[in-house]
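Please look through the structure shown here.

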Amino acid sequence: MNIIDELEWRGAINQQTDEAGLKDYVESHSISLYCGVDPTGDSLHIGHLIPFIMLKRFQLQGHRPVILIGGATGSIGDPSGRSEERQLQSMEVVNENARKLTAQMEKLFLKDPNAQFRLVNNYVWTKDLSLLDFLRDYGKLFNINTMLAKDVVASRLEHGISFTEFTYQILQSMDFLHLYREEDVRLQIGGADQWGNITSGLDLIRKVEGPEAKAFGLTIPLMLKADGTKFGKTAGGAVWLDPEKTSPYEFYQFWVNQDDADVVKYLKYFTFLSKEEIAELAEKVATEPHKREAQKTLAKEMTLFVHGEEGLADALSITEALFSGDIKNLSAKQIEQGFNNMPGAQVPRETANLAVWLVDNGVESSRRQSREDIKNGAIYINGERVQDIDYEISPADAIEDKYIVVRRGKKKYFLMTFAD
């Protein structure tokens with residue numbers, strides 16, 4: 001299947017500058033293509049993944065992807081999709097963010113020595129450019145009227161846009177021209193809000209290299225859930241790729257909890273499963289939705305891709321332990337992942353009567369209720385039922401000398417942490 005046909009089947013194409021021309025070109029050429037990300041934060045989130053996964057799809061069909069980290073553009077600020085000016089970050093912060101994003105990209109896309117991905121940073125070819133050279137060599141080639149007509153600028157005119165952000169599309173256009181010359185890049189991919197920047201780059205290439213220059217642009221659709229709300233957000237905020245911001249367990253749970261109405265679309269967008277495999281899972285959504293096989297497959301595929309085999313194993317172990325209630329074999333690290341958002345308390349490192357201890361640490365409302373729940377078998381310590389009202393709980397009960405997980409009833413969990 002032609003890569004463009006595959007992307008269309010996956011619903012991953014929003015706009016193309018030359019649909020027929022690009023399709024013909026990739027039929028007969030191994031194309032170099034790129035997508036960029038600005039280091040405005042120290043981690044990517046799942047919304048960033050889609051265009052880079054598209055690069056991976058091209059790579060799997062023998063094409064040559066380039067990932068651009070915007071060390072220069074990130075210091076300016078992309079006005080796309082914003083109603084107000086960005087707060088400029090210091091170059092120290094931008095450079096540190098660029099370092100972290102580079103490490104994430106290497107982990108995701110360069111783990112295979114045969115991956116054929118190239119990683120570049122646009123700070124390299126802009127840092128020594130003087131203001132006069134910028135104005136003479138590039139500024140002269142951009143028409144203000146054309147720039148004002150671009151959606152990314154036009155949408156900001158009512159509230160105002162600084163000259164700094166106004167020049168962003170020139171810098172991104174320079175990137176496309178540089179990569180066209182130095183890396184033989186012929187295609188730029190970006191989100192739907194990048195259309196104006198991409199077409200500006202194509203205009204610059206044709207002005208400099210000639211009207212017959214073969215270069216193309218392609219954008220992906222804005223990702224929305226079936227109910228029309230924005231994809232990729234949870235009650236706790238964005239779903240990050242950094243395991244310190246979103247643990248592998250939380251990452252897995254995000255995917256496994258997707259709605260039946262969305263899961264097939266996400267399988268197409270995010271996974272590398274075949275058309276036949278996805279069709280089989282779509283059938284199971286229709287006929288056996290209670291088994292949630294499509295969601296479990298999506299969660300496994302995405303957690304494996306982002307966090308590797310160890311991260312997936314942790315996520316599955318925690319999920320199974322919470323489902324069964326048998327948590328005694330979890331490690332302290334896994335408990336931190338699975339229970340970090342659950343209620344709990346820091347407890348003193350001492351021995352105490354369990355019935356009193358449960359009240360003192362917010363598990364029970366009164367000693368009478370506490371003793372009653374213990375006698376009735378409603379209290380579990382690290383997955384083990386305790387029915388002795390005289391039981392003495394101590395640091396010896398802690399998992400790895402740090403955590404005690406209390407369960408009251410079927411699903412109410414509390415995480416108790418012994419103070420150091």
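Phe 109 is buried, with a relative accessible area of 1%; buried stands for under 20% relative accessible area, exposed for over 50% and partly exposed for what lies in between, with a 1.4 Å probe and protein chains only. The model is predicted, so local features need pLDDT of at least 70 and side-chain atom pairs count only at pLDDT 80 or more, while totals for chains, interfaces and linings use all residues. Residues are numbered from 1 along each chain as its sequence is written, and side-chain values use heavy atoms, with hydrogens and water left out.

The partner of Phe 109 is Phe 52: the ring centres are 6.5 Å apart and the planes are at 45°, so the pair is tilted. Rings of Phe, Tyr and Trp (its six-membered ring) are paired if their centres lie within 6.5 Å; planes under 30 degrees apart are called stacked, over 60 edge-to-face, and the rest tilted. Phe 52 belongs to helix α3 (residues 46-60) and Phe 109 to helix α5 (residues 91-109), so the pair links distant parts of the chain, 57 residues apart. Helices (H or I, at least four residues) and strands (E, at least two) are DSSP runs, numbered from the N terminus. Phe 52 is also buried, at a relative accessible area of 2%.

## Leu 108

Leu 108 is in helix α5 and is buried, with a relative accessible area of 4%. What does Leu 108 touch, not counting residues up to four places away in sequence? Its contacts (heavy atoms within 4.5 Å) are Leu 49, Leu 241, Phe 305 and Val 306. The C-alpha atom of Leu 108 is separated by 9.7 Å from that of Ile 53, which is 55 residues away along the chain.

## Domains

The protein is divided into domain 1 (3-220), domain 2 (233-324) and domain 3 (339-418). These bounds come from an automatic or database domain assignment. The C-alpha centres of domain 2 and domain 3 are 32 Å apart.

## Other aromatic rings

By the pairing rule there are 17 aromatic pairs. One of them is formed by Tyr 25 and Phe 216, which are tilted at 55° between the planes and 5.7 Å centre to centre. Tyr 25 lies in helix α2 (residues 19-28) and Phe 216 in strand β6 (residues 216-220), so this pair ties together parts 191 residues apart in sequence. Both Tyr 25 and Phe 216 are buried.

One aromatic cluster is made up of Phe 231, Phe 251, Phe 254, Trp 255, Tyr 266, Tyr 269 and Phe 270. Charged side chains also sit over rings, by the rule that NZ of Lys or CZ of Arg is within 6 Å of the ring centre and within 35 degrees of the ring normal. Lys 245 lies over the face of Trp 240, 5.0 Å from the ring centre. The charged end of Arg 407 sits over the ring of Tyr 380, at 4.0 Å from its centre.

## Salt bridges

How many salt bridges does the rule give? The count comes to 20 salt bridges, each being a side-chain nitrogen of Lys or Arg within 4 Å of a carboxyl oxygen of Asp or Glu. Glu 96 and Lys 100 form one, with the closest N and O atoms 4.0 Å apart. Both lie in helix α5, 4 residues apart, about one turn of the helix. Glu 96 is partly exposed at 31% relative accessibility, and Lys 100 is partly exposed with a relative accessible area of 30%.

Asp 314 forms a salt bridge with Lys 333, with 3.2 Å between the closest N and O atoms. This pair links distant parts of the chain, 19 residues apart: Asp 314 is in helix α16 (residues 293-324) and Lys 333 in helix α17 (residues 332-339). Asp 314 is buried, with a relative accessible area of 10%, whereas Lys 333 is partly exposed, at 41%.

## Helix α19

Arg 368 and Glu 372 meet in a salt bridge of 3.2 Å, N to O. The two residues lie in helix α19, 4 residues apart, about one turn of the helix. Arg 368 counts as exposed at 51% relative accessibility, and Glu 372 as partly exposed at 34%. Elsewhere, salt bridges that share partners join Asp 42, Glu 96, Arg 99, Lys 100 and Lys 245 into one network.

Asp 373 is found in helix α19 (residues 367-375). Asp 373 is buried yet has no salt bridge, and its nearest side chain of opposite charge, Arg 408, is 4.6 Å away. Here Lys and Arg count as positive and Asp and Glu as negative, while His and the chain ends are not counted. Not counting residues up to four places away in sequence, Asp 373 touches Glu 364, Ala 378, Ile 379 and Arg 408.
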